[in-house]
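Visitor: Please take a close look at the aromatic pairs in this model. I would like the geometry and the surroundings.

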Amino acid sequence: VQLQAFGGGLVHSGGFLRLSCAASGNIFRIDVIGWYRQAPGKERELVATITSGGSENYADSVKGRFTISRDNAKNTVYLQMNSLKPEDTADYYCNADITVVSGLRFAYWGQGTLVTVSS
């Protein structure tokens, strides 16, 4: 199974970006999928997750500005980031708990995509 993230870039404060992460491989079901981020010198932190049933969870720092969604048919998760702030600058990582065809469940990480918000 692989997770491939897209959509990072440089944006001015107040701007927006949309990240996407596509999962591929021996997938039976994506149970939970979402985004984490890691700023320079800081620990990785949760940004937002969404379950297979559509339940969403957000970090307090992004509530009201970021929206997570998923397309189950495409095994893809999206993160719409609006009203971006310089403190949102970080490497953003896709993470998923996936049940593979064998019935086992594993956690997977995608590569980071850099989001830079200039003031």
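Guide: Rings of Phe, Tyr and Trp, the last by its six-membered ring, pair if their centres lie within 6.5 Å. Planes over 60 degrees apart count as edge-to-face. The model is predicted.

A search of the whole structure finds two aromatic pairs. One joins Tyr-36 and Trp-109. Their ring centres are 5.2 Å apart and their planes stand at 65°, so this pair is edge-to-face. Tyr-36 belongs to strand E4 (residues 27-38), and Trp-109 to strand E10 (residues 105-109), so the contact ties together parts 73 residues apart in sequence. Trp-109 has a relative accessibility of 42%, so the residue counts as partly exposed.

Phe-106 and Tyr-108 make another pair. This pair is also edge-to-face, with 65° between the planes and 6.3 Å centre to centre. Phe-106 is partly exposed, because its relative accessible area is 38%. Tyr-108 counts as buried, because its relative accessibility is 18% and the cut-off for buried is under 20%.

Now the charge. Arg-44 lies over the face of Trp-109, at 4.6 Å from the ring centre. Arg-44 also lies over the face of Tyr-93, at 3.8 Å from that ring centre. Trp-109 thus has two partners to look at here: Tyr-36 edge-to-face, and Arg-44 over its face.

Methods: Residues numbered from 1 in each chain as written. Predicted model: local features only at pLDDT ≥ 70, side-chain atom pairs only at ≥ 80, totals over all residues. Heavy atoms only, no water. Phe/Tyr/Trp six-rings, centres within 6.5 Å; stacked < 30°, edge-to-face > 60°. Helix = DSSP H or I, 4+ residues; strand = E, 2+ residues; numbered from the N terminus. Buried < 20%, exposed > 50% of the residue type's maximum accessible area, 1.4 Å probe, protein only. Lys NZ or Arg CZ within 6 Å of the ring centre and 35° of its normal.
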